[in-house]
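Thanks for coming, everyone. Please bring the structure up on your screens, and we will walk through it together.

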Amino acid sequence: MELRDLRTSGPGVGLGGAGGLGGGGGGVADAGGPGNEFGGICIGGAGGGQRLPTKADLFIEQLNATNAKKVALLLVFGFVVYHGLLNWNYGDDSCQWLLSKGRFKGDNEWQPYGCMVHKYSLTDTRRCLRYLAFFDNKNNFVFIGDESVRLLYERFVEPLRLPPQQSAQEDQFQQQRQRQRQRQKQRQEEDNNASVVADGSSDRFEDEMLHMLARYIPAEELTPALVERLYRLEAEKQLSSVYVVGFTYSGLLAGNTTEDVLRQYAANLTLLVPPFHRLVAQTSRVLWKLADRVDEEKLPTSWRLLQNEHIDRLNHVARGVFRYTEASVWESASHIANGLMDNAIDGHQLCAHGQRLEVQLLWNMYCNDYMNYNDGTCCSSSEPHTTLQIVAYAMFGVCMALVCGMCLRRWLLHLRGHTLYVPLQQRQSDGSGRGGSTRAAPGNALSALITDYGTPMVALSLLGLILAYFYLCDRTNFFMKENKYYSEYSFWIPVGYVFALGLFFTEDSRFTKVLNRDQTDELRGWILLVVLIYYMTGAQRVLPIHMHIKLLISGYFFLTGYTHFTHLWHTGNSGSLFVRFFQAMFRANFLSVLLCFCMNRPYQFYYFVPLLSFWLCVVYFVLALPPRISSVSVDANPLHYLYLVCKCIGCLGGITVLFMSEVFFERIFVTRPWKALFVTTDDDLHEWWHQWKLDRYTVAFGMIYAACFHIAQKYNVFDDNNHGNLFSRRTSISVTLLAFLGVGVYTAFSFLCRNVQNCEEIHSYILFIPIVGYIVLRNISGILRTRYSAFFAWFGRISLELFVCQYHIWLAADRHGVLVLLPGFPTLNMIITSFIFVCASHEVHRLTQILLPYAVPSDWRLVMRNFVIFLIVLIPVARSDGMF
């Protein structure tokens, strides 16, 4: 962010772009323009004198968006090298991360090192086992060890034991399946008509429907019989099994862990290496569970001689034995036990919560790579790339090659003594400010070698580099990812900090109008920042916060209807509404369409952009219908007021018809070829239906409010052409109380409503009340109306890029987790990723502004030509996706 951007306002009335997103690139700073740099100029001093700039002045001048993006680029290169070294030294196997390290978060949940865990419910678990059973895989689990392993086994199979009624239903289906397929090998002691088989105890669990067999083999220490049992298990040829083994030795409670005992323990464990190796060769997974430390003060009398020092020495021996074998040492289970030691039962038995956490780790290790849950990246392979992704990145690669060729050519010309010219907008300030191109001075030779940053070829090359970073962050396991974490502090502290910064950068506005450009940018800015914090912390579980976030998003759409109606009201028929519509659609969709190609995601994945685009089409369709209504047309023909009312009623009526008939709604939006724009990857329309109906009236409310506001302004109901209050003192007090009441009613509603579905349904009808209340409170006082937060306004100008980019380079795993560039330091990592994310969003906004006049020229004929070319390019993509 440039400090000078925080001290100056964006030009114009602020009604351009997609929902007010960009009209003229007010958010793009020009760090190199003349008159903006201190170099070679004097600064006014006291008494009208002048002084040379100090080092502090020069330093402050360097705090701009251009230099910030350079720092962000260096950080990205640095973290690429850092994570490259990590992957080279320790491997990129996230299963090893899952089993080795981690930490407890504030909600007492376990966060593995560098990857995300899915919380497996009973439904998720059975779905995973059914999926593997469908492909005739045997889900075989063997637990071998002492009491702690037995408790883990019981916790593992506990949720899989079906109630009697459900078990009977499973038996019937199982018997039908058994009659269709004869089993080739059966054990004599198994009962083929039972889902659950127990051999006199709870040490065996079998579910034929799931092809699952779980066994517990007690073992307090290593014996020849146990080694022989392992070889027999290997002979069963149960591929892809999971073995959890863990024990110490029988005399542990006596406290005589001497050096001789440790040597004998190491020798015994060495006997396990050959059978473990043979089991792993069958694609099985062998986990050695370390002994859990104890709370020595809570131990019963029979355990008093046991010390944590003895346990640590035994675990050290086990690590040494299995370090270079195919077996995996399950370190994270030991860390979980240590973190929950205060809750240990009798000082030595892991509590139920700790056992559930260990079971969750086992299910994540076993199922993630098959189920592909978005919030489960541990033990999950990277998503394979598609042909469309290869073609898209190849096109960007061609652009980069052409730019490199142009730079090389300019360098060769420079070596031959040719005069190179630097475009005015990118030359270094020389204190003059005279226009035109200038010859490259020796100090500007490097800039002269680089072609114009404003050319579309360079813009596409830079965009390709940014999208490559997107891919590296969210489509590979190169960078780490972690689960979100919500607490009251994690949400409200960032919100309070952001608003403190917003108030700090408050300054006078050049405008006095209600909802002027500065205000709309400010409103979009703080709305997006709060929404980003909401998504980062996973605060959707709190219903009042969830409903207020929905209100903020609705406020964004409300501004869309307001700003575009206001633009047409003031401009009338001047200019091309057709061109303006395509400009707005380009700003809204350019980045999202590129991400659909490069990230292999459907258009509906970025749900905010399809909604915004749809309502933009509705707004422009309603406003373009003849007669076009403006402040001039209603003066010439008062009958236009009636036409305006008819347009609003028709818009609300059409929306209501779509809402009342979900079948009609589906018929429209699942029609080819535009079906692909509204369905998810699973060919489901539900997400579009849910988001659409939530804000179905919001844009219409914005247009109606704009019409009422401008008509009232036309008849002098209030005056916002000065710095005074909008109404008289008595009226202002009454209106202010009503506005507070409107905002308070919605807040009370969000706390009193207990059901999300009912809350969202009522929300659609009453959302305009708090929005209008906020607008009144923001503008009724002349002091508040003529001041704004430049901090929020700066973010508001790049709000759409912020919303879209967060999916891949701030959050992770399709917004289900958090990107981790600096593991082990969550707060510092959040600051670094946020800085890179904001810089990337600002650069994408700048590149979009550069490409806009080339993609959407001012001549409507050229616009139609480019649109037809775009449709032709989409035809092969559409055919490959089954749109035709």
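One definition before we start: buried means under 20% relative accessible area, exposed means over 50%, and partly exposed is in between, with a 1.4 Å probe and protein chains only. Now the ground rules. This is a predicted model, so local features need pLDDT of at least 70 and side-chain atom pairs count only at pLDDT 80 or more, while totals for chains, interfaces and linings use all residues. Residues are numbered from 1 along each chain as its sequence is written, and side-chain values use heavy atoms, with hydrogens and water left out.

Start with salt bridges. By that I mean a side-chain nitrogen of Lys or Arg within 4 Å of a carboxyl oxygen of Asp or Glu. The whole structure has 30 of them.

Take Glu383. Is Glu383 buried or exposed, or in between? Partly exposed, with a relative accessible area of 27%. Arg601 sits in the loop between α19 (577–599) and α20 (608–624), and Glu383 in the loop between α12 (352–371) and α13 (387–415), so the pair ties together parts 218 residues apart in sequence. Helices here are DSSP runs of H or I, at least four residues, and strands are runs of E, at least two, numbered from the N terminus. Shared partners build one salt-bridge network from Glu383, Asp474, Arg475, Arg601 and Asp814.

Next pair: Asp312 and Arg293, with a salt bridge at 3.0 Å, N to O. Asp312 is in helix α10 (residues 308–322), Arg293 is in the loop between β9 and α10, and 19 residues separate them. Asp312 is partly exposed at 30%. Arg293 is partly exposed at 27%.

One more: Arg155 bridges to Glu158, with the closest N and O atoms 3.0 Å apart. Glu158 is partly exposed, at 44% relative accessibility.

On to the sheet. How many strands form the open sheet? There are 6, in the order β6-β7-β5-β8-β9-β10, with mixed pairing. Two strands pair if DSSP finds at least two bridges between them. β6 (204–207) and β10 (328–330) are the edges; each has a single partner strand, so one side of each lacks a neighbour in the sheet. From one strand to the next, the twist averages 15 degrees. β6 pairs with β7 (residues 212–218) in the antiparallel sense, over 4 bridges. There, Phe205 faces Ala214 in β7.

Helix α5 (residues 147–157) packs on this sheet, touching strands including β5 (139–145), β8 (242–246) and β9 (285–289). Contact means heavy atoms within 4.5 Å. The direction of α5 makes about 155 degrees with that of β5. Axes are lines fitted to C-alpha atoms, for helices over the stretch in contact, and angles run from 0 to 180 degrees between N-to-C directions.

Last stop, Tyr788. Tyr788 lies in strand β15 (residues 787–789). Tyr788 is buried, at 2% relative accessible area.
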